[in-house]
Amino acid sequence: MSTIADNLSTLAARIRAAALAAGREPAAVQLLAVSKTKPAAAVREAFAAGVRDVGENYLQEALNKQAELTDLPLTWHFIGPIQSNKTRAIAEHFAWVHSVDRLKIAQRLSEQRPVDLPALNICLQVNVSGEASKSGCTPEELPALARAISALPRLRLRGLMAIPEPTDDEAAQQAAFARVRELQASLGLPLDTLSMGMSHDLEAAIAQGATWVRIGTALFGARDYGQP
């Protein structure tokens with residue numbers, strides 16, 4: 001049975017190969033370890049293997065892990081849907097938020113970000129596949145939303161995040177990620193981040209410019225949704 005360190009080594013090789021195939025520097029692509037449903041001990045093991053950035057989908061689960069791992073210099077990213085009543089804790093406990101899709105949420109994060117912390121790094125989630133079950137603003141809503149959020153204090157708009165409709169067709173994967181890249185370029189803002197690609201499609205995402213790939217299963221193993 002492979003360890004988290006083994007898995008991280010395999011992922012690093014995949015990322016490097018995909019970046020080089022796309023004519024990109026491997027260092028331009030960063031791995032975000034998504035530890036949803038995994039215990040703090042697994043994050044600690046990942047840290048020992050070299051992970052420094054951790055993504056969480058559920059606020060209470062994240063806060064519990066943060067409390068257990070205060071001794072580790074981890075950078076925490078919130079990547080799940082955001083309810084209005086959760087914005088204060090997110091603004092106080094995370095360095096990045098990848099899943100902003102409404103101006104109201106961004107305004108609350110801006111107002112609630114502690115003044116003694118650096119600006120909160122923000123990615124706008126865009127629903128490029130038009131799936132009713134997915135969060136994210138529409139491509140049509142994106143320009144006005146990006147302009148409004150880029151003007152808010154205490155936030156730093158970094159780029160876009162997307163979770164395209166899953167498919168095993170690499171051409172379809174690439175087309176969806178290319179759409180995200182093109183949307184970002186069309187905004188005309190100084191953005192440097194594309195948060196896209198997961199365990200099954202990171203190669204296609206990297207080919208289209210991903211700077212963060214969000215990896216859970218391929219790093220930590222299958223998720224256990226039976227855990228509380």
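1. A salt bridge is taken here to be a side-chain nitrogen of Lys or Arg within 4 Å of a carboxyl oxygen of Asp or Glu. The model under discussion is predicted. By that criterion the side chains of Asp101 and Arg102 form a salt bridge, with an N to O distance of 3.3 Å. The two side chains are also joined by a polar contact of 3.3 Å. Arg102 is partly exposed, with a relative accessible area of 37%, whereas Asp101 counts as buried, at 15% relative accessibility.

2. Asp101 is placed in the loop between β4 (96-100) and α5 (103-112). Which residues does Asp101 touch, not counting those up to four places away in sequence? They are Gln125, Ser135, Gly136, Cys137 and Leu145. With Gly136 there is a specific polar approach: the backbone nitrogen of Gly136 lies 3.0 Å from a polar atom of the Asp101 side chain. Between Asp101 and Ala119, which are 18 residues apart along the chain, the C-alpha separation is 18 Å.

3. The whole structure contains 7 salt bridges. One of them pairs the side chains of Asp71 and Arg44, at 2.9 Å from N to O. Because Asp71 lies in the loop between α3 (59-68) and β3 (75-78) and Arg44 in helix α2, this pair ties together parts that are 27 residues apart in sequence. Asp71 counts as exposed, at 51% relative accessibility, and Arg44 is partly exposed, with a relative accessible area of 33%.

4. A further salt bridge is formed by Asp192 and Arg156, whose closest N and O atoms are 3.9 Å apart. This pair links distant parts of the chain: Asp192 belongs to the loop between α7 (170-186) and β7 (193-195), and Arg156 to strand β6 (residues 155-161), 36 residues apart. Asp192 is partly exposed at 39% relative accessibility, and Arg156 is likewise partly exposed, with a relative accessible area of 45%.

5. Two UniProt annotations from an unreviewed entry should be read against the model. The entry lists Lys36 under "modified residue: N6-(pyridoxal phosphate)lysine". Where is Lys36 found? Lys36 is in the loop between β1 (30-34) and α2 (40-49). Lys36 is classed as buried because its relative accessible area is 13%, the cut-off being under 20%. The UniProt entry, which is unreviewed, also assigns residues 7-223 to "domain: Alanine racemase N-terminal". In the model, that span is 41% helix and 18% strand, and its end C-alpha atoms lie 15 Å apart.

6. The largest nonpolar core holds 64 residues, of which Leu109, Ile122, Leu124, Ile149 and Leu219 touch the most other members. Helix α1 (residues 4-21) gives the most to this core, contributing 6 residues. Leaving aside neighbours within four places in sequence, Leu109 is in contact with Thr87, Ile90, Ala91, Val97, Val100, Leu120, Ile122 and Leu155. Another core, of 7 residues, lies apart from the largest one and includes Val34, Trp96, Cys123 and Trp212.

7. How many aromatic pairs does a search of the whole structure find? The search finds 2. In the pair Phe78 and Phe94, the ring centres are 5.4 Å apart and the planes stand at 80°, so the arrangement is edge-to-face. Phe78 lies in strand β3 and Phe94 in the loop between α4 (87-93) and β4, so the pair ties together parts that are 16 residues apart in sequence. Phe78 and Phe94 are both buried.

8. The pair of Trp96 and Trp212 is edge-to-face as well, because the ring centres are 5.7 Å apart and the planes are at 75°, where planes over 60 degrees apart qualify as edge-to-face. Distant parts of the chain are linked by this pair: Trp96 is in strand β4 and Trp212 in strand β8 (residues 212-215), 116 residues apart.

Conventions
Residues numbered from 1 in each chain as written. Predicted model: local features only at pLDDT ≥ 70, side-chain atom pairs only at ≥ 80, totals over all residues. Heavy atoms only, no water. UniProt positions renumbered as here; feature names shortened; annotations may be inferred. Helix = DSSP H or I, 4+ residues; strand = E, 2+ residues; numbered from the N terminus. Buried < 20%, exposed > 50% of the residue type's maximum accessible area, 1.4 Å probe, protein only. Contact = heavy atoms within 4.5 Å. Polar contact = N/O pair within 3.5 Å; in protein donor to acceptor, adjacent residues only side chain to side chain. Core = buried A, V, L, I, M, F, W, Y, C linked by side-chain atoms within 4.5 Å. Phe/Tyr/Trp six-rings, centres within 6.5 Å; stacked < 30°, edge-to-face > 60°.
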